[in-house]
Amino acid sequence: MENILNSSEIHNWMRQHGSPLNLIRTEPLVHNIQSLNRIAQQLEIDFRVYFARKANKCLSFVDVASEAGAGIDVASLQELEQVAQRGISGRNIICTAAIKDEGLLSACVDSEATIAIDNADELHQLSKHLSESAPPVDIALRLSGFEFNGKRLDSRFGIDINQLDQFLRSWKDTLSRPSIRITGIHFHLDGYSAQQRVAAISQCLPVTDTLRELGHPVQFLDMGGGIPMSYLMDEAQWRSFWDELHHAVLNKRKPITFKNHGLGFLDVQGEIHGTRSCYPYFQSSVQGEWLRTVLTSNFESSTIADAIRKRNLQLRCEPGRSVLDGCGMTVAKVVFRKQHPNGEWFVGLSMNSTQCRTSSDDFLVDPILVPEPDALRSDAIEGYLVGAYCTESELISLRRFQFPQGVSIGDLIAIPNTAGYFMHFRESRSHQFPLATNAVVTSLAPPQISIDEIDL
């Protein structure tokens, strides 16, 4: 990213392809997948990454993930069709879509993709597509409701583990048909807690034993996504930011966010209440080391890894964000500067807030100013990055930024490390604006790009 931003080519690319421009690089994806695989190899377990396609729509990532030996996790009919068109066998695909309509279920059956079954209605709808003359359909039962520290880990996804016996009895006839096979157990947990994964895996492993005793050929346990990553290197900066934000919310200092937005925190009679409504951008246990923590945790007088190995199970996971760490950035052009009567400035960017947004309140990685070489520099200013939608709340970031060397029309603002979810998860064409072009950096010296096939 630094190499590209220090090159004059970035300005040429923006003139050619418009603003904003998503720039991606596929090599870090391979490195991130391999780092997870190495931990599993060290612990001698059968393991496979399934790249969560929903995290980024670029087809280059699908190709490279597959070449690196990963499977693909799809969450819609369109994702499934696009992956199949890349020549990826259904045997290397799992469908975890939250909503699986008739068309998607039919396509999964035709392509022989594994289906994560979330509820009884999905199983009933799937049963309509079963054929005794076709290859059997592989399913993974998605479970939820695990116990952790005396409380339930509630989720909108999955069959409650305490109701699984009743589910199996109710659907015994369907699940006994030779045209369907339970080949896996799947779960989804919100958040990034290693110990919650340990709890869920510990409760799923006996279920695999029970299902095998009932004659189901269970081959894998899939712990879904939620493998954490860290965007920031400096924990002290991260902690300092929240300390200062709390002081601002309590009116003990000048606001550092638009209209003193608390990012999940409120002033209640002079005390801070609430929880952070942003991704934990600094984390100390991430990616491979996080996975090691899960696998070396205690279970059955040994470890999770030993229990998986003893059962001859494959452990699967479906990371998106963490394997896309370092894989891309979003770049937008400065269109105007406007000073508010209170002295602060609005810096208008040719992009909208959906082009760098997930469900999180804000993106807490500092953007990078790339000056237009021939532009006249302004004085130092402080202000907010605002976007193109016609609403008062249309900010690219809620944080107030300082521009010590000023900011000028034609400058570029680069938002680093946005490949995981931020580029595409909520992108919108409101006002009929075109979506951002997605370009693959194919060479760093000299800098060269090609347009990802999703845009062709």
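Mentor: Among contacts in the protein between residues at least 6 apart in sequence, 69% join residues at least 24 apart. Keep in mind that this is a predicted model.

Trainee: How many helices and strands are there in the protein?

Mentor: The protein has 13 helices and 24 strands.

Trainee: What share of the 456 residues is buried?

Mentor: Buried residues account for 55% of them.

Trainee: Which residues in H11 are buried?

Mentor: The buried ones are Trp-238, Phe-241, Trp-242, Leu-245, Ala-248 and Val-249. Seen down the axis of H11, the buried residues fall within an arc of 120°, so they line one face of the helix.

Trainee: What about the other side of H11, which residues are exposed there?

Mentor: Ala-236 and Arg-239 are exposed on that side.

Trainee: What covers the buried residues of H11?

Mentor: The cover includes S12 and strand S13 (271-274).

Trainee: Now the ends. Which residue caps the N-terminal end of H11?

Mentor: Asp-234 does, with a side-chain oxygen 2.8 Å from the backbone nitrogen of Ala-236. As for what comes after the helix, H11 is followed by Asn-251, which has a positive phi near 60°.

Trainee: Back to Phe-241. Why does it count as buried?

Mentor: Phe-241 counts as buried because its relative accessibility is 17%, and buried means under 20%.

Trainee: Which residues does Phe-241 touch, not counting residues up to four places away in sequence?

Mentor: Phe-241 touches Ile-256, Leu-263, Leu-364 and Arg-399.

Trainee: And how far is Phe-241 from Asp-165?

Mentor: The two are 76 residues apart in sequence, and 48 Å separates them in space, C-alpha to C-alpha.

Trainee: Let's look at another residue. Where is Trp-13, and is it buried or exposed?

Mentor: Trp-13 sits in helix H2 (residues 9-17). At 4% relative accessibility, Trp-13 is buried.

Trainee: What is Trp-13 in contact with, leaving aside neighbours within four places in sequence?

Mentor: The contacts of Trp-13 are Ile-4, Gly-18, Leu-21, Leu-23, Pro-447, Gln-448 and Ile-449.

Trainee: How far apart are Trp-13 and Phe-61?

Mentor: They are 48 residues apart in sequence and 21 Å apart in space, C-alpha to C-alpha.

Trainee: Change of topic. How many salt bridges are there?

Mentor: The count comes to 26 salt bridges.

Trainee: Start with Lys-254. Which residue does its side chain meet in a salt bridge?

Mentor: The partner of Lys-254 is Glu-382, at 3.4 Å, N to O. Lys-254 lies in the loop between helix H11 (235-249) and strand S12 (265-268), and Glu-382 is in strand S20 (residues 381-386), so the pair ties together parts that are 128 residues apart in sequence.

Trainee: How accessible are Lys-254 and Glu-382?

Mentor: Both are partly exposed: Lys-254 has a relative accessible area of 45%, and Glu-382 has 25%.

Trainee: Next one. What does Glu-300 form a salt bridge with?

Mentor: Glu-300 pairs with Lys-310, and the closest N and O atoms are 3.4 Å apart. Glu-300 is in the loop between strand S14 (298-299) and strand S15 (302-303), while Lys-310 is in helix H13 (residues 304-310), 10 residues apart. Glu-300 is partly exposed at 39% relative accessible area, whereas Lys-310, at 62%, counts as exposed.

Trainee: Last one. What is the distance between the closest N and O atoms of Lys-128 and Glu-102?

Mentor: Those atoms are 3.9 Å apart, and the two residues form a salt bridge. Lys-128 is in the loop between helix H7 (120-127) and strand S6 (137-144), and Glu-102 is in helix H6 (residues 102-111), 26 residues apart. Glu-102 is partly exposed, at 31% relative accessibility.

Terms used:
Residues are numbered from 1 along each chain as its sequence is written. This is a predicted model: local features need pLDDT of at least 70, side-chain atom pairs count only at pLDDT 80 or more; totals for chains, interfaces and linings use all residues. Side-chain values use heavy atoms; hydrogens and water are left out. A salt bridge is a side-chain nitrogen of Lys or Arg within 4 Å of a carboxyl oxygen of Asp or Glu. Helices (H or I, at least four residues) and strands (E, at least two) are DSSP runs, numbered from the N terminus. Buried means under 20% relative accessible area, exposed over 50%, partly exposed in between (1.4 Å probe, protein chains only). The arc is that of the directions from the helix axis to the C-beta atoms. Contact means heavy atoms within 4.5 Å. A polar contact is a pair of N or O atoms within 3.5 Å; within protein, one must be able to donate a hydrogen and the other to accept it, and residues adjacent in sequence count only if both atoms are side-chain atoms.
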